[in-house]
Amino acid sequence: MSNNTDFILSIEDLTVSFDGFKAVDMVNLYVDKNELRVIIGPNGAGKTTLLDLICGKTKATSGSIKFKGKELTKLAEHSIVRSGVGRKFQTPSIYENLSVFQNLEMSFPRGRSVFGCLTFRRTTDVIDRVHEVAEQVMLKDSLYLEEAGLLSHGQKQWLEIGMLLMQDPELLMLDEPVAGMSVKEREQTAVLLNKISQNRSVVVIEHDMEFVKRIAHKVTVLHQGKVLMEGKMDKVQSDPRVVEVYLGH
Amino acid sequence: MMKAMYQNMLGGRSGMIGLLILAAIIFLVLPLGLDLFRLNLVGKYLTYAFVAVSLVLLWGYGGILSLGQGIFFGLGGYCMAMFLKLEASDPESTKIQTTPGIPDFMDWNQLTALPWFWEPFHSLTFTLIAILAVPTLFAFIIGYAMFKRRVGGVYFAIITQVIALILTILIVGQQGYTGGVNGITDLKTLMGWDIRTDSAKYILYFINGALLIAVILVSRVILGSKFGMLMLAMRDKEERVRFSGYDVADFKIFVFCLAAMISAIGGAMFTLQVGFMSPTFVGIVPSIEMVIFAAVGGRMSLIGAVYGALLVNYGKTVFSESYPELWLFLMGGLFIAVVMFFPNGLAGIYDKYEKKLFTRKPRKGSASAMSSRTLSDPQPGPVRDAASPPAKGMGISNQPVN
Ligand SMILES: Nc1ncnc2c1ncn2[C@@H]1O[C@H](COP(=O)(O)OP(=O)(O)O)[C@@H](O)[C@H]1O
Ligand SMILES: [Mg+2]
């Protein structure tokens with residue numbers, strides 16, 4: 001099981017302790033290429049913290065995170081991003097004062113150094129890519145909105161997903177992407193996620209069980225920082241332990 | 001590419017008008033309307049404008065508040081002063097000293113040889129490089145130490161203050177090497193050219209003005225590039241920028257170094273025009289004053305910062321003559337008033353007024369002013385730099401400067 005090279009992401013014995021409190025405790029998690037994994041669990045289970053650890057926002061106390069065989073725990077955030085990991089935050093994190101176009105353009109993976117920024121040119125490949133992604137995340141009509149802050153909550157979520165798609169990451173991590181969305185928007189997002197997980201691995205944290213059923217290949221249940229169980233959605237849903245900690249109430 | 005760059009530089013129609021008006025004021029109105037004494041005073045204020053412009057980049061766009069820009073203004077000024085002092089201290093004119101050929105204050109402090117770090121300042125080329133390189137390098141060291149460790153906000157502001165304080169104490173304490181509290185005075189010639197003459201004062205004033213305009217143009221190009229957009233993004237959502245693959249610290253270090261270099265040019269021009277440099281321009285109070293210039297002018301407006309520097313200094317000159325003890329309070333009050341009621345300073349007021357006048361776009365929230373200033377959609381567009389002359393009656397152009 002622990003042959004790292006078979007998986008795009010392999011997490012082993014990962015632990016982080018905040019003043020003695022283990023928010024993530026000896027977690028093992030393996031994600032396949034092109035897999036869409038959903039992580040569920042009650043509030044405070046450590047789901048967000050797990051993503052923080054993978055993307056470098058929080059440093060692990062012990063354990064290892066290997067992405068394509070490369071150890072991530074010692075890398076700086078921007079290096080992790082550049083190696084192909086994209087992260088969407090739980091509350092939409094976009095540049096409210098920039099236009100939708102600029103939000104996407106900023107995420108184009110070129111000109112990421114100081115010098116690169118000073119000499120960056122908005123060439124046709126950038127414009128084309130922005131249009132392509134805007135179409136994908138259903139924001140084509142809002143592309144020239146001068147302030148992305150004016151978008152609806154759901155659209156902001158899509159914009160942030162679009163910003164990640166601009167980077168074309170091999171591993172995409174989404175923290176509660178449908179929070180605050182209408183039923184129709186959830187539908188559209190499910191379609192979107194199924195589409196974008198065709199050629200990359202995706203890790204999604206989600207609460208909405210109907211939504212999870214629509215997208216998940218495999219579900220991991222986290223509880224008190226530990227993996228409670230892992231498997232197909234129907235199996236997980238009927239497991240008495242899971243029902244007790246999570247689905248029951 | 002070149003076309004886009006010119007566009008950024010000129011800042012579109014409105015930016016170009018603003019720049020032309022500023023240039024007309026600096027190069028025509030003031031020289032024609034003021035006597036040399038007052039023009040020289042304006043020239044001095046315009047050297048502070050370099051710092052105010054640097055703070056627009058650093059604070060307005062970068063969101064990094066430095067309360068220690070006097071450090072860099074001072075370092076630039078001291079580098080220039082060291083060269084001029086050495087030239088003024090030739091063995092002939094210092095022959096009454098115990099050790100002829102060294103600056104007078106060294107002689108008074110029983111130094112018998114020129115300290116090693118003064119030696120290279122015999123060369124003008126070295127001095128010119130040092131004026132730009134020394135402050136920039138110093139800023140790089142501070143910036144690297146702070147930003148790589150993610151020190152920011154209030155902590156950074158306080159640290160810059162502490163460094164400004166330490167530097168002042170160091171300069172004052174090391175009298176034999178630095179001229180101490182009096183600074184470096186009695187500067188006379190630059191490569192034999194007497195900088196105290198009327199013609200020299202005019203020429204230096206114009207060089208200063210031209211350099212200031214050049215700095216504004218370069219700043220516009222930078223703000224109009226993706227770099228400017230990134231500054232805004234970083235100020236707003238640093239975390240998101242980091243997770244889009246940018247090393248945020250690098251960008252902060254760069255803009256801090258750039259601001260230091262711009263401030264240093266101002267400092268060097270100060271020394272040339274005023275004829276001395278002293279620790280008074282390095283410490284905490286001048287550093288804070290410079291932030292006020294930028295705030296009053298509008299911290300998002302390069303041109304506004306110049307008017308801010310001119311106006312506040314004009315006020316200072318008028319006021320501190322009649323009520324010197326009240327000035328500091330007045331300035332503090334002014335700062336608070338501007339921050340609370342006019343967060344975009346004079347430029348913000350002008351912007352509003354101009355928009356009403358031309359009824360272009362509908363007004364938006366005050367926080368929105370920045371979006372139109374960087375790469376506009378869909379082609380790279382100009383940095384819109386609102387602000388042209390302040391409202392009638394406030395300008396110094398048609399009033400005597402005391
Ligand atoms: N930086 C931190 N310092 C201390 N405690 C933290 C920190 N981050 C998260 N926690 C704690 O870790 C636990 C897991 O949080 P989180 O990962 O946000 O849960 P979830 O996303 O599953 O709801 C919570 O009890 C939270 O209070
Ligand atoms: Mg969470």
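User: Which residues surround ligand 1?

Analyst: Ligand 1 is surrounded by F18(A), F21(A), A23(A), P42(A), N43(A), G44(A), A45(A), G46(A), K47(A), T48(A) and T49(A), where near means that a heavy atom lies within 4 Å. This is a predicted model, in which local features need pLDDT of at least 70, side-chain atom pairs count only at pLDDT 80 or more, and totals for chains, interfaces and linings use all residues. Residues are numbered from 1 along each chain, chains are lettered from A and ligands numbered from 1 in the order written, and side-chain values use heavy atoms, without hydrogens and water.

User: What makes the approach of T48(A) to ligand 1 a polar contact?

Analyst: A polar side-chain atom of T48(A) lies 2.7 Å from an oxygen atom of ligand 1, and a polar contact is a pair of N or O atoms within 3.5 Å, so the pair qualifies. A side-chain N or O atom of T49(A) also qualifies, at 2.6 Å from a ligand 1 oxygen.

User: Why is T48(A) called partly exposed?

Analyst: Its relative accessible area is 27%. Buried means under 20% and exposed over 50% (1.4 Å probe, protein chains only), so T48(A) falls in between. Q90(A), at 34%, is also partly exposed.

Definitions and conventions: Polar contact = N/O pair within 3.5 Å; in protein donor to acceptor, adjacent residues only side chain to side chain.
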